[in-house]
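The sequence and structure come first.

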Amino acid sequence: MDNLAAPPPNDVARLCQACQEAINHIGPLNLSPGEPHTYLDTEYWLKDRFPRLPKLEISSRQGCDFCDFLREIILSGDTDDGLKRILGKSAADLGALDVDISLTYGLVAKENPAEPGLHILEVCLSFEGVASPIDLICFVEAAADCPDAEAAAELLGLAEPSNQSYTDRETIRWMKAKIKACEKHEHGLAADGFIPERLLDVRRGRPRVVLRSDLVTLRKTRSNVGDQVPKYSALSYCWGSNSEAQLKTTTDSLPDRLFGIDKNEMTAVLRDAVQITKSLSINYLWVDALCILQDDISDWERQCVNMDKIYGNAHITLRAESSRSFNEGFLSQKGRRITLPFQSSLLHSKKGLLCIQFKYVESAHRNRTSDSDILYSDYRLSRLSNRGWAFQETVLSIRVLMFGHANVHFFCGDSYQTRDMGTEDYPYYAMISECGLMKEQRQRLFDIWDGVIHAYTKFTKDSFTKFTDTLPALSGLAAIFQRQLQDDYIAGLWKKTLFHSLAWYCLPPSNPLKADLCCGHQLESAYLVPSWSLLSRGYMDFLQAHNKNGLKAEVKEINAQVDLVGENPLGAITSGELIIRSNVVDMASLGDLEIRSQVVDNPYFGYGLLVDGQFLGNFTLDFRFDGRDILGEMRAFRWVLLGSYEVPEAFKALKLEGSCDRGAYGLIICPAQVPNKFYRIGIFEPRVEIIVTPENQKNRFFEVGNLHLFKELSEVETVTII
């Protein structure tokens, strides 16, 4: 890579021979009829040593700007975040190993399918000993304000240069128009007349913290009712790893914050939040670090439970999607940008410039077929989307402006739009308001909550600065559901529906090793949730019992209780117990046990348990296991009956064995280290029979009733699960 091309004009990259050949060797841009996209491989391939990347480093020192570009994006924080998300390992975890680097162009169909456009450049990284390669996605577009750009743009079908700024006049005008149009949707405030305890007044040169009491006094002097409650924006952002350096309000610093904050004190994310709030003609801003006393636990707990009101009353929520920490702003596109000289090696008369900008990290070759992928990627591939607190901040909001790596987006409960693209009249993101919940039937409220929990369980301990925030970061949402359900909230569940809301199972890759399981709901230094909580095992889903006919509780008694850490009744806990009196099958007391592999419609329940040749049910465990090896341990387990449901009518009509019985489901538990206490470690459901139905001669899956057998083999006991 040491043969450099002749020096290019200023601001245009110099290329080594290998990079020059890769950029210039672009074959005919053809798509097959009906094909929305395709890929063009280049001849670029390099084996280097990660993480130092010495070959790229040497070439960049010799003057190749594209080698420098590649090295910088491979070692960037965004790539490190992507490694954690895709491989579950950071660059530091991977250590020193060989990496193969290759380049592939992506073509996408345009309005005229016969003239496809060069859309992306994928930098593919294949790490030694790692099964899954990853792609660094770079957008390709025409170079801006350059006479040499037009020829390359025409030949390669490049997109026009994108607007890098989110604060230009047209973009601000678009944002204001979207907010104004959304006001007609009548989404409704979370709490009429609510004012946060503290806000940041951004009207003057020095933003300052103002107290609710001062704002209440101010509004009493105003005669116009519409002006009585101040409009404010609310910021949703990543603190980052160096939280100690964050600008905060504490008990001691509050007097200074009330006086004002100097520009040189402000973090990058705060400066941008203040700027965009002022540009939107909004006078106040809510930022957690400044509006919550960070050294006062009672103030923090009180405001945690009010998150539904804080974000639900904000005129607009600002999601700093592209910002990885408080030290990074968000008011422009993100990603290293480079302008490259291009001269077709196939058509020598065609030359010009093109621009490449690094954007995202994805699993290798995820198909990118349209510009709608920008919204998906800006949201799903950001660090903020993997932060636990940001989940409820968005769900609780009335409307949101999202500032992504590639564009700015607006969405509310009715519609969404990306700047310079069309409006879609349906919600992109599920947003929940108490006004909306008031219109729902009780069972529908439970269903919506189940969806909230299912989405929330994707967050891991890495999603929180403090993993013990798992419950507090959900408490704002829990508060609005509790007011509508009028039920006791217990570590993610509702007391009146325990018999079916306990029926959940783990989804890979959540399942831990068995050695980690029984203490998996606790950390070395702090308690999190009990083993029976839906939030204890990671990503989960609900047993299909939720959707069955004739769902019935089979427990004699069931009760749950938790001990709170502080004053937030929906917040962190120190312990929890689930006490169930029901039919319990003690595997140690049974005869011959057999575990048999099952072909079922739910692959997570691929094993069935037989007792003396009779099927007791299918099961899955909360840890990774092989059904052939778990039989010995099964003797230490107990199966606890929670409920039952009717088998399908079509199966009843076949009048086969088990067709007149009910299907039983429940928990699998094992002894804890604490005497007479148990951990939840799995769940069981009825076995499934594959039957060729007479009417259409097709295979159908039917649950086979097992309640009668379960009760035959069980004794009524009281068990305490922790």
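This is a predicted model: local features need pLDDT of at least 70, side-chain atom pairs count only at pLDDT 80 or more; totals for chains, interfaces and linings use all residues.

Trp-45 has Ser-102 in S2 as its bridge partner. Strand S2 covers residues 97-108, and 9 of its 12 residues are buried, so the strand is mostly covered.

S2 is also joined to S3, by 10 bridges, and these two strands run antiparallel as well. Across this pairing, Asp-100 stands opposite Ser-126 in S3. Strands of a sheet pair through backbone hydrogen bonds, in either a parallel or an antiparallel sense.

## The six-stranded sheet

These strands belong to an open sheet of 6 strands with antiparallel pairing, in the order S1-S2-S3-S4-S11-S10. The edges are strand S1 (37-50) and strand S10 (337-343); each has a single partner strand, so one side of each is left without a neighbour in the sheet. From one strand to the next, the twist averages 25°.

Strand S3 (residues 117-127) pairs with S4 over 6 bridges in the antiparallel sense. Within this pairing, Leu-121 has Cys-138 in S4 as its bridge partner. Helix H4 (residues 77-87) packs on the sheet and touches S1, S3, S4 and strand S11 (351-363). The direction of H4 makes about 40° with that of S11. Another helix, H2 (residues 54-61), lies across S1 and S2 and runs at about 95° to S1.

## Ile-134

Where does Ile-134 lie? Its place is in strand S4, which spans residues 134-142. Is Ile-134 buried or exposed? With a relative accessible area of 0%, against a cut-off of under 20% for buried residues, Ile-134 is buried.

Leaving aside neighbours within four places in sequence, the contacts of Ile-134 include Leu-83, Ile-86 and Leu-87. Gly-82 is 52 residues from Ile-134 along the chain, and the C-alpha atoms of the two are separated by 8.5 Å.

## The nine-stranded sheet

A further open sheet has 9 strands and mixed pairing, in the order S6-S5-S8-S7-S9-S12-S13-S14-S15. Its edge strands are S6 (208-211) and S15 (423-424), each of which pairs on one side only.

Strand S5 (residues 198-201) is joined to S6 by 4 bridges, and the two run antiparallel. Leu-199 has Val-210 in S6 as its bridge partner. Helix H15 (residues 388-395) packs on this sheet, where it touches strand S7 (232-236), strand S9 (316-319), strand S12 (399-403) and strand S13 (408-412). The direction of H15 makes about 150° with that of S9.

## Helices H17 and H18

The axes of helix H17 (residues 442-456) and helix H18 (residues 475-485) come within 11 Å and cross at roughly 165°. Because angles over 145 degrees count as roughly antiparallel, H17 is roughly antiparallel to H18. The crossing of the two helices is left-handed.

Which residues meet where H17 contacts H18? From H17 come Arg-442, Leu-445, Phe-446, Ile-448, Trp-449 and Val-452. They meet Leu-477, Ala-478, Phe-481, Gln-484 and Leu-485 in H18. By class, this contact has 9 nonpolar, 1 polar and 1 charged residues.

Key: Residues are numbered from 1 along each chain as its sequence is written. Side-chain values use heavy atoms; hydrogens and water are left out. Axes are lines fitted to C-alpha atoms, for helices over the stretch in contact, and angles run from 0 to 180 degrees between N-to-C directions. Angles under 35 degrees count as roughly parallel, over 145 as roughly antiparallel, 65 to 115 as roughly perpendicular and the rest as oblique. A crossing is left-handed if the near helix is turned anticlockwise from the far one by less than a right angle, and right-handed if clockwise. Contact means heavy atoms within 4.5 Å. Ala, Val, Leu, Ile, Met, Phe, Trp, Tyr, Cys and Pro count as nonpolar, Asp, Glu, Lys and Arg as charged, and the others, Gly among them, as polar. Buried means under 20% relative accessible area, exposed over 50%, partly exposed in between (1.4 Å probe, protein chains only). Two strands pair if DSSP finds at least two bridges between them.
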